[in-house]
Amino acid sequence: MKVNNKKCVRKIAMRCLMANKRRNIITIAAIVLTAILFTTLFTIALSMNASYEKSIFRQLGGSNHGTFKDLTDEQVEVLEGNGLIRAYGVRTIAGIIDEAPFTKQSAEVSYMDDTCAEWSFIKLEEGHMPQAYNEVIMDTESLRLLGAEPVLGREIEISFNINGISEPEAKVTDTFVLAGYWEYDPLCPAHYINVSEDYIDDLGRTAVERGYDSFRTDLNVMFSSSFDIPGKMEKVLAACGFTSEDAGSENYVRFGVNPGFTMSGLSDGLSAGMLLPILAFSLLVIFTGYLIIYNVFQISVASDIRFYGLLKTIGTTGKQLKRIIRDQALVLCIIGIPLGLLLGYGLGAVLTPAVLKTTTISLNSLTVSASPVIFIGAAIFEIVTVLISVSKPGRMAGKVSPVEALRYTEALDLHKKKRVTRGAKVTAMAFANMERNKKKTVLVFVSIALSLVILNAVYLFVGGFDSEKWLDSQVHTDFLVGNVDYFKFQGAGNNPLDAGEIEAIRENVTEEAGGFAYDVAGIPLIKVDDPVYDGFVARLGGDYGLANDAGDGMHYIDCKAEGMDEYLVEKLQVYEGDASLLNDADGKYIAIITHADESGNLYLDENAPKIGDTLTFAVADEVEVISDTAGERVGFNGLKESEFTVCAYVGVPTAIGPRRGSYAYDVVFGSNTLKEAMGESAVPMFYAFDTPSGEEELKAEAFLSDYCESSAGVIEYESKASKRAEFDNFKNMFSLLGGVLCLVIGFVGVLNFFNTVMAGIISRKNELAVMQAIGMTGKQVKEMLMTEGLIYTVGSGIIALAVSIAFIPVLNAACEEMFWFYSGHFSVMPFAYVMPVIAVLGLIIPLMAYSRLSRASIVERIREIG
Amino acid sequence: MSILSAKNLMKVYGQGENQVKALDGVNLEVNKGEFLAIVGTSGSGKSTLLHMLGGLDRPTSGEVIVDGKNTASLKDDELTIFRRRKIGFVFQAFNLVPVLNVYENIILPIELDGEKVDKEFVEEIIDTLMLSSKKEALPNQLSGGQQQRVAIARALASRPAIILADEPTGNLDSKTGQDVLSLLKVSAEKFSQTLVMITHNDEIAQLADRVIRIEDGRIVSESERR
């Protein structure tokens, strides 16, 4: 019922606000700084998520929520009008090219409307969408494959199979005019060759006349949110009178949901893993913000305590007083937060690429998220920080006793202290002054010391990343050249490395030693008995699907296999047995890949083949499901099998391993053994080599860099240098983020110090004037104030140093635990650099405050009632 | 009719040997519309008595009944609300809210209560106290006498049960003090207010209907003017 007293409270709050300029500026600065940290954090986190999603969508070829497939023009018209659909894009596919030059990745000839093109990540570098009848657009790689330069207006002849039917009659060859092109995206699953709507309509009619099915038209759709896409698609179909259930019905419409949205587990996993660091960081920011905002308000309430007491005397309740404080803080939020959000978003956008570089997500998936969650989340965190910070000063104002406030002076607890005769020495007085308000002093100490401790920790943390330790485990050869598939963890079975390419490379580099690694094309299998098979099925969670029977009571299970030249075999870690037997020209040996825990125990179950056992390795061309009276089971076609003797248990360094694994036992062969046993199925996977000198290494690096670039994403290489750069990126990210954090927290510390010193000196205006009146010279006053400043800063430094010395070993131990490539060391170097700066601040700020004060005469200052 | 009564009021500060009895069994009745002066030297306990009567502080024992309500039973915030509705204060140091102008200071207790301001009534008070030309001024733009008149207006504006004045002329020169005092008396009469004033000045006390002298926390004499 009583609402309008709020207005009155707000009025008082606003007026108080106006009267406290210095406090406001410092509080707003603190709010802006902490809001920057929150927003930056949220921007980076959400952008990482968005970039990750984008890279997934690029691999899937589209970012739309779902697709209604194989529609007639009439169906498209009905569906696109549905209210649930927020946006739609149409695509009609005329045909596919999977012959040369598009053998590696097929091309799809289609018409896309503008929306569909946008969702398919087509961003024209030059030109426009196909409009005239024979206009065409495609990616730069397709142009290269077709032997055409990216020049608008160029004529290009394209042949493709109608509806993807591989018959000579279905082949269409036409000459098009290049209307535009875009940068090739190696992640995209197919080359898109887009033609005009007129061309598609025309060709579609001809095709139908010639007896082919009409072209497939898909309607890609976006809904208002990605929540329950299948449900929404069903709803749309039902509303339009279609069904997705009865394939025979003439109203049957197929639809598909973009798997990017159903792989929610993946993207949730990413955010869950990031949650803990985000939380820890947020707490640090909240604490930093609290340190200063609390201090600022505490000082301001303490110096205005008589004012609050007066308000209480004439009838302002404690609740209303709290609200006066809180309202002031919130108004400062309104000013500070938007600025902090803006600056923080900018900073986050700048920092995101640096963070992204350290992940497997490629930089061209970089998406700086503009999700409202960033701004709402950061604003909420900031408001919470501010509310926490002002709650205690608010309580203090609310609890003020009117009688006490009427005679309150700031040095209230002075009489409690026992008097010690220290004389009137300036330093002694400075020390005594620090004791007057212990809480205030402690806050300043903590806030400056915190930034120093963090600075030192970041410095040590970044310096602790040991690139050599990391490289030792990551890189076992100076260079490693392979097909893109291998680096995408897909082996070489589908796209063997062209040995000719390696020859070309070897002619241009000087190598000290080198060797090939081979993959097995087809389906590599090992033959196992019941206990092993059961264990394997159990590891899969009993969800392996169909049983298989090799006929002799044995079973085939998937495995991964790698053949290695001697050069690579030497780099294996041998746990047990003799790996050198792998190179035995006459023997048929095989080694089981495993790894060991810290105490040297191997991750092998008791059923694993023993050294000296015989193991049957097989390769199948294809798998088929056999269904007969015995039930359903899996059969393998084109089986080739051969028996080997297990000679060793080995660890394969990740860099030269198959880079993927199975749930069974993965195996290594000597390359000759593998080639002999499996013939054509043994295909080159990568070639690794060392160079004899640093000079040759540089030359080879330069050559490979050019060579792989010109291979347009077919061949890639890894080198010590590129790995080191990768590691440096990782390291730089931490120095960058840590640097920003130090800077902001350090700034907050200085602000806090500034505020405390200024407020302290201003509230002691009378006192200082009285001192001067009774004979303290201005110089002595300045000396006293500067001594106080020095005690603050040097004291904080000493505290920080002590904390760091105690804390560094703990940090190092924790980091060494977390990152195996971390070598902790001890240093307090940052203190040496920062302490002089801080000390100078400790001298200058009190001087500034005093010079402002001394503009008024002593008499004026004494008269003024504080 | 009694609007304010204190029964056996005790206030003890400190403990044991340091114990100081600021009030030692004070009994007091104030009738509606009466002007009572409490005189005493500094340290006699008169300010403590005023704090107890005004609900600024709680007695160690005894009770204060204002307008039929026992203040001892109220919680802190209830006491605050009671104060702004029932009691108008005039302090020696004026104690105006520095960030609010004259008019806002006067209506502050009403607004804090969430009540509608009776503009006509407030204007009448302002006229009576000759502040019409200063309504927009901030406290620091006023002379001491003017500030005290604003304080008096603030005390009257919420139509309290009682006005408590603590040395209202203490910070003023004698001429201004007299002017302010007579305005206080006139306006209390005009708006039929009960007025309790503390002073150490016998001359000023003579303006009151009744004078109580307090020493060492006890009432030692009482005289009534006829």
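Of the 226 residues in chain B, 47% are buried, meaning that 20 or more other C-beta atoms, placed from the backbone, lie within 10 Å of the residue's own. This is a predicted model, in which local features need pLDDT of at least 70, side-chain atom pairs count only at pLDDT 80 or more, and totals for chains, interfaces and linings use all residues. Residues are numbered from 1 along each chain as its sequence is written, with chains lettered from A in the order in which they are written.

Chain B has seven helices and 10 strands, taken as DSSP runs (helices H or I, at least four residues; strands E, at least two) numbered from the N terminus. Among contacts in chain B with a separation of 6 or more, 72% join residues 24 or more positions apart; a contact requires C-beta atoms, placed from the backbone, within 7 Å.

Six strands of chain B form an open sheet with mixed pairing, in the order β6-β7-β8-β3-β9-β10. Strands pair if DSSP finds at least two bridges between them. Because β6 and β10 of chain B each have a single partner strand, one side of each is left without a neighbour in the sheet. Within the sheet, β7 (residues 162-166) and β8 (residues 195-199) of chain B pair in the parallel sense over four bridges, and Ile163(B) stands opposite Leu195(B) in β8(B).

At the interface, 21 residues of chain B are in contact with 21 residues of chain A. On the chain B side, α2(B) gives the most, with six residues. The residues of that side divide by class as follows.

| Class, chain B side | Residues |
|---|---|
| Nonpolar (Ala, Val, Leu, Ile, Met, Phe, Trp, Tyr, Cys, Pro) | nine residues |
| Polar (the others, Gly among them) | four residues |

Technical notes: Contact = placed C-beta atoms within 7 Å. Buried ≥ 20, exposed ≤ 12 C-beta atoms within 10 Å, placed from the backbone.
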